[in-house]
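Today I opened my notebook to look up salt bridges and a contact between domains.

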Amino acid sequence: MDWTAIRLTLSVASCTSALLFALGLPLAVWLARPGPRWRLVVEAVVALPLVLPPTVLGFYVLCATGPHTPIGRWYEALFGSRLPFTFPGIVLASVLYNLPFAVRPFTAALQSVDHKLVEASWCLGVSRLATFRRITLPLAWKGVLAGLVLTFAHAMGEFGVVLMVGGNIPGVTRTLSVAIYDDVQALDYSAAAHSSLFLLGSALVVLSAVQLLVRKPA
Amino acid sequence: MKQAHRLIALLLVLVPAGCGNNPAAQKSGPPRRDTGDESQGHAQSETIEALPRANRLRIAAAADLRFALPELIAAFERMHPGATIEATYGSSGNFFSQLANQAPFDLFLSADIDYPKRLVEQRHGSVDGEFPYATGHIVLWAPNASSLDVEQGGLPVVIDEAVKKIAIANPNTAPYGRAAVAALKSLGVYEAVESKLVYGENVAQAAQMVESGAADLGIIALSLAVSPAMRDKGRYWPIPENAHPPIVQGGVVLSWALDANLARAFRDYLLSGGGASILRRFGFEPAGG
């Protein structure tokens, strides 16, 4: 087994899930409540990666983070390295690509919470943040967790964006799905078969977990 | 309530577990090693990242070197104990565009001389410029199971009705693909077979397509056809030299190489007698040695 690639893949998936929890949940909170009409556009942007080819996203990320762009210059000044062909680069791409896999389930879970309970809490003088933490999140946690697990699984298997933004650098950006592509070209079918089986197994486990989470109690 | 806290606790674990341990992030940190229970390969990659900048070589190699380069690297490493060399394979054109964006490689071994030359012109190469290291060849390859007699029939078998798909490397990104197209054109069969052509991103992918039987024939690098991985699986016909411009393969040490001396040492080894004999065994005409 290619442990370096497995570890890297798990790192990418964990970072993606954690970042999308931190950034996606506030966004979902905003999307879950009634808001201005132009919010439609935000919803569409969040859903874009569902239909956008990974190559398009990869191309834009490469263009946006190159050494001669504002983002590229700012990042290099701040961290002394560049985004393309690095671990932070593929995490960034992965976060963008997985946006709908986190934000959409989050939004649905938050919308399923009975708003009367939230308002009752407010009327009792509990702050908005405390209400969210003590009322909304406990009622919506299954959906939020399902979104995170789905994000994790999807990030583990991402290929096109990672290959375009990350290249194929052993130990840095060669995730398991890229390693499989590489092994097949090297005619190393047994290595490709092992890695594929690993990804197949984890996908099955993760999807079963999601089913368990979202299943309505009997 | 409790469950929500559990979710937050889970995330607090996820963040350091995922982001804290990634190999790239360790470059700036103090050297560290994993303890016993980790696998060998895993521990090794930790060490690679923790090493000082020197004594490490990252090669971006054209896919025709897929089987020859590991042998060259093994021989070089025997002469330079302690050096860590890793190679990534792909199409030269793809590497060219990555290197134009300063991808983290130290040495580029292309399947042509034009890409290294252009990198030098763009000031991405080191001062010693590009260097030719070998001339490659292309062959028409068919798997053992195929009824096509490529060894006797030669290139005309490409127009055989039994041939549905012919794998070549993508001529836009791979010099070997351009050589294949040039050969088909100069032998006057390109128009007839154009609709049967399928493109691998690089020549190793084209070889994989025909090795697996997905394509009936392939025009691939001789260095792949004679490799241990492929030589017993099919038959080939060498495409005449004069059917395409010579495939002069060149390399360049990148200006941002971590250990330029090690990269130059590897270049010198490629051009030495020892390197040349390995290249020759894989069907190349070495430039040095």
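Below are my entries, in the order in which I made them.

**Entry 1: ground rules.** I am working with a predicted model, where local features need pLDDT of at least 70 and side-chain atom pairs count only at pLDDT 80 or more, while totals for chains, interfaces and linings use all residues. Residues are numbered from 1 along each chain as its sequence is written, chains are lettered from A in the order in which they are written, and side-chain values use heavy atoms, with hydrogens and water left out.

**Entry 2: salt bridges.** I looked for salt bridges (a side-chain nitrogen of Lys or Arg within 4 Å of a carboxyl oxygen of Asp or Glu). Over all chains there are 14.

In chain A I picked the bridge between Asp182(A) and Arg174(A), with N to O at 3.7 Å. Are these two buried or exposed? I used these cut-offs: buried is under 20% relative accessible area, exposed is over 50%, and partly exposed is in between, with a 1.4 Å probe and protein chains only. Asp182(A) is buried at 5%, and Arg174(A) is buried at 15%.

In chain B, Glu71(B) and Arg281(B) form a salt bridge at 2.8 Å, N to O. Glu71(B) sits in helix 3 (residues 68-79) and Arg281(B) in helix 12 (residues 273-281) of chain B, so this pair ties together parts 210 residues apart in sequence. Helices here are DSSP runs of H or I with at least four residues, strands are E runs of at least two, and both are numbered from the N terminus. Glu71(B) is partly exposed, at 26%.

I also noted Arg267(B) with Asp268(B), at 3.2 Å from N to O. Shared partners join Asp128(B), Arg264(B), Arg267(B) and Asp268(B) into one network of salt bridges.

**Entry 3: two domains of chain B.** The domain assignment (automatic or from a database) gives domain 1 (54-135 + 246-286) and domain 2 (137-243). Their centres, taken over C-alpha atoms, are 25 Å apart. Domain 1 brings 20 residues to the contact and domain 2 brings 22; contact means heavy atoms within 4.5 Å.

How much area is buried between them? I found about 1,500 Å², with 66% from carbon and sulfur atoms. Buried area is the accessible area (1.4 Å probe) that two parts lose on being put together, summed over both. In domain 1, Phe67(B), Ile247(B) and Phe282(B) lose the most, together 32% of what that side buries.

One salt bridge is counted between the two domains.
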